[in-house]
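Please examine the sequence and the structure before reading on.

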Amino acid sequence: MRVVFHQTFHESDYSDDKYDNAADPGRLVGIMDALRGYEVQEPAPAARQDLLRGHSEVYVASVERKPVLFGMASLAAGAAILAGDLAMRGVPSFACVRPPGHHASRSSAWGHCTFGNVALALLRLRDAGLVRSAFVVDIDQHTGDGTIDLLRSWPEAHVFNTYGDNSAEYIRVLGDRLMQAPQVDILAVSAGFDTYIHDLGRKLTTDDYFTIGRLLQAYAIRLGHQRRFAVLEGGYYLPDLGRNVLSFCRGFE
Ligand SMILES: [Zn+2]
């Protein structure tokens, strides 16, 4: 298990939106402290051509006009790309990034997202001829509409947003879907933690994230190749965010 992270992600000044809780100062400190036992690998920013695999020229240019945001968001996309590369080499990985990406569509974004990190990583692997199919599991409280949009024209890319009103239902729905999930070349996880009992979703416990990670790991093992990576999306209850991410990683590794 490898963690993909860059110190730049600790900076909060990339967002000028005071309601952007993904950009809260110190948000990733607790996560990286909890993950200190894992080897960390530094990403490089995504190349412009990698952004253009999912986003329009006009949209990328509009982000470029905000240089601090562009630098940070390109690095987040680059981290997801590195996580995908590691997965292809048989190393499960978790990219601890911001801004998140699952609400970033081809020509717009909302929900504190900028570039579609997970989808861009998969599109790059596809265009390089390394994978022909993929399964994205989004465990965030919110539907990853951007990921769905970016992968719309790739029929062999399947996206599942898990759901449920409570912990037991949420895990049962995910488990059932994974038992019937397709045979694919790689598993990607949009790992949001705002489903936490004290966060927006008010459902899951710290132990539930281990269970979810383990269900995803078991699916990757059933696939045979075990290729899997996860990328941070939401998660705003900072006192427990680190232990929840660690719990997920322990199940997923
Ligand atoms: Zn969310």
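## Zinc site

Asp-140 is buried, with a relative accessible area of 2%; buried means under 20% relative accessible area, exposed over 50%, and partly exposed in between, with a 1.4 Å probe and protein chains only. His-142, by contrast, counts as partly exposed, at 31% relative accessibility. Together with Asp-194 (OD), Asp-140 (OD) and His-142 (ND1) coordinate the zinc ion at 2.0 to 2.1 Å. Donors are N, O and S atoms within 2.8 Å of the metal (3.2 Å for Na, K and Ca), and sites may look incomplete because water is not among the atoms. Along the sequence, the spacing of the donor residues is D-x1-H-x51-D.

## Basis of the model

The model is predicted: local features need pLDDT of at least 70 and side-chain atom pairs count only at pLDDT 80 or more, while totals for chains, interfaces and linings use all residues. Residues are numbered from 1 along each chain as its sequence is written, and side-chain values use heavy atoms, with hydrogens and water left out.

## Backbone features

Most residues other than glycine have a negative phi, and most peptide bonds are trans. The peptide bond from Arg-98 to Pro-99 is cis, with omega near 0°. Pro-99 lies in the loop between β3 (93–95) and α5 (117–127). Helices (H or I, at least four residues) and strands (E, at least two) are DSSP runs, numbered from the N terminus.

The loop between β3 and α5 also holds His-112. Although His-112 is not a glycine, its phi is positive, at about 70°, and the residue counts as partly exposed at 23% relative accessibility. Gln-226, likewise not a glycine, has a positive phi of about 65°. Its place is the loop between α8 (206–223) and β7 (228–232), and at 34% relative accessibility Gln-226 counts as partly exposed.

## Largest pocket

The largest pocket has a volume of about 380 Å³. On a 1 Å grid over the protein atoms alone, a pocket is an open set of points where a 1.4 Å probe fits, with protein on both sides within 12 Å along at least five of seven lines; lining residues have an atom within 4 Å of a point. A volume is the space filled by probe spheres set on the points, which are joined across faces, edges and corners.

The lining comprises 19 residues, of which Asp-16, Lys-66, Leu-69, Cys-113 and Thr-114 lie nearest the centre of the pocket. Helices α3 (57–64) and α4 (67–88) each supply at least two residues of this lining.
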